[in-house]
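Here is a structure to go through by question and answer. The terms are set against their cut-offs as they come up.

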Amino acid sequence: MSQIDQFLGALKRTLKAKNILYRDLAKSLDLSESSVKRILSSKSLSLERLEEICRLADISFSEVVKSANLEDGNQVMTLTDEQEKALAENARLLHYYMMLHDGKTPQKIEKEYQITRAESQKFLFQLDRLNLIELHPRDKVKMKKQGFLRFRRDGPVGKAMFEQTKSSYLSYEFKPEDYIRFSLLRVSPPTLAKYKSKLDRLMLDLQEEARFEAEHNVPVVDTGVLLSYRPWQYSYMDAIKKKES
């Protein structure tokens with residue numbers, strides 16, 4: 001994600017935190033709501049317009065920059081093979097680490113989940129030895145790596161999670177209130193590559209929203225989001241198969 005995308009995302013989150021709607025800005029800027037949405041999605045946002053939006057929303061430029069974490073050049077973080085292997089071999093340790101990464105304290109994890117203090121401390125020592133956290137007295141934790149946690153598809157955790165996705169997530173009987181869309185398309189590799197970048201950006205946007213809501217104690221529900229595409233030929237009951245070329 002570019003720094004411009006990070007900044008615009010931070011600006012939107014800051015407006016949301018102050019309960020400022022697009023229609024409110026539109027009225028103050030004497031623009032249509034659609035124009036405001038376009039401005040806040042455009043990478044050509046002028047400094048004059050930005051200054052005007054910040055003034056109307058009563059926010060500072062530095063406040064938005066701090067929220068965007070522009071000083072952190074790598075927003076996506078990956079783990080070493082050794083770290084992934086240790087997490088993949090212990091599902092509870094993996095889940096514990098992911099909750100720490102999401103901002104939960106050891107005390108909160110012990111209170112909300114079926115885990116004892118002894119097991120919690122054991123996990124903390126393991127994660128400290130793996131150089132994933134910096135453990136301080138009274139179980140204070142500092143994460144060694146910051147950013148969006150992404151497991152490599154061909155890594156130990158990626159493989160384990162992919163198998164679980166196939167066996168559990170995709171076999172679920174989706175309910176009417178759940179969201180699922182599927183289309184069979186014929187598109188070129190360049191088009192797929194273009195939309196892969198858009199899907200990657202969408203997932204990062206969702207992760208940013210999740211982080212924002214966690215920081216502001218917004219009531220949430222655990223949600224699985226799967227974005228995928230693959231070569232696939234479909235025919236009814238394999239009645240008519242395509243000839244081999």
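Q: What covers the buried residues of α6?
A: The cover includes α7 (91-101), α9 (117-129) and α10 (156-169), where contact means heavy atoms within 4.5 Å. The model is predicted: local features need pLDDT of at least 70, side-chain atom pairs count only at pLDDT 80 or more, and totals for chains, interfaces and linings use all residues. Residues are numbered from 1 along each chain as its sequence is written, and side-chain values use heavy atoms, with hydrogens and water left out.

Q: Which residues of helix α6 are buried?
A: In α6 (residues 81-88), they are Gln-83, Glu-84 and Leu-87. Buried means under 20% relative accessible area, exposed over 50%, and partly exposed in between (1.4 Å probe, protein chains only). Helices are DSSP runs (H or I, at least four residues), numbered from the N terminus.

Q: Why are the buried residues of α6 said to line one face of the helix?
A: Seen down the axis, they fall within an arc of 95°, so they line one face. The arc is taken over the directions from the helix axis to the C-beta atoms. On the other side of α6, Asp-81 and Glu-82 are exposed.

Q: What puts the buried residues of α3 on the same side of α3?
A: In α3 (residues 33-41), Ser-35, Val-36, Ile-39 and Leu-40 are buried. They cover an arc of only 130° around the axis, which puts them on the same side of the helix.

Q: Why is the contact of Glu-119 with Arg-92 called a salt bridge?
A: The term asks for a side-chain nitrogen of Lys or Arg within 4 Å of a carboxyl oxygen of Asp or Glu. The closest N and O atoms of Glu-119 and Arg-92 are 2.7 Å apart, so the pair meets the cut-off. Glu-119 lies in helix α9 and Arg-92 in helix α7, so the pair ties together parts that are 27 residues apart in sequence.

Q: How many salt bridges does the structure hold?
A: There are 11. A network of salt bridges links Asp-81, Glu-84, Arg-152 and Asp-154.

Terms used. Helices (H or I, at least four residues) and strands (E, at least two) are DSSP runs, numbered from the N terminus.
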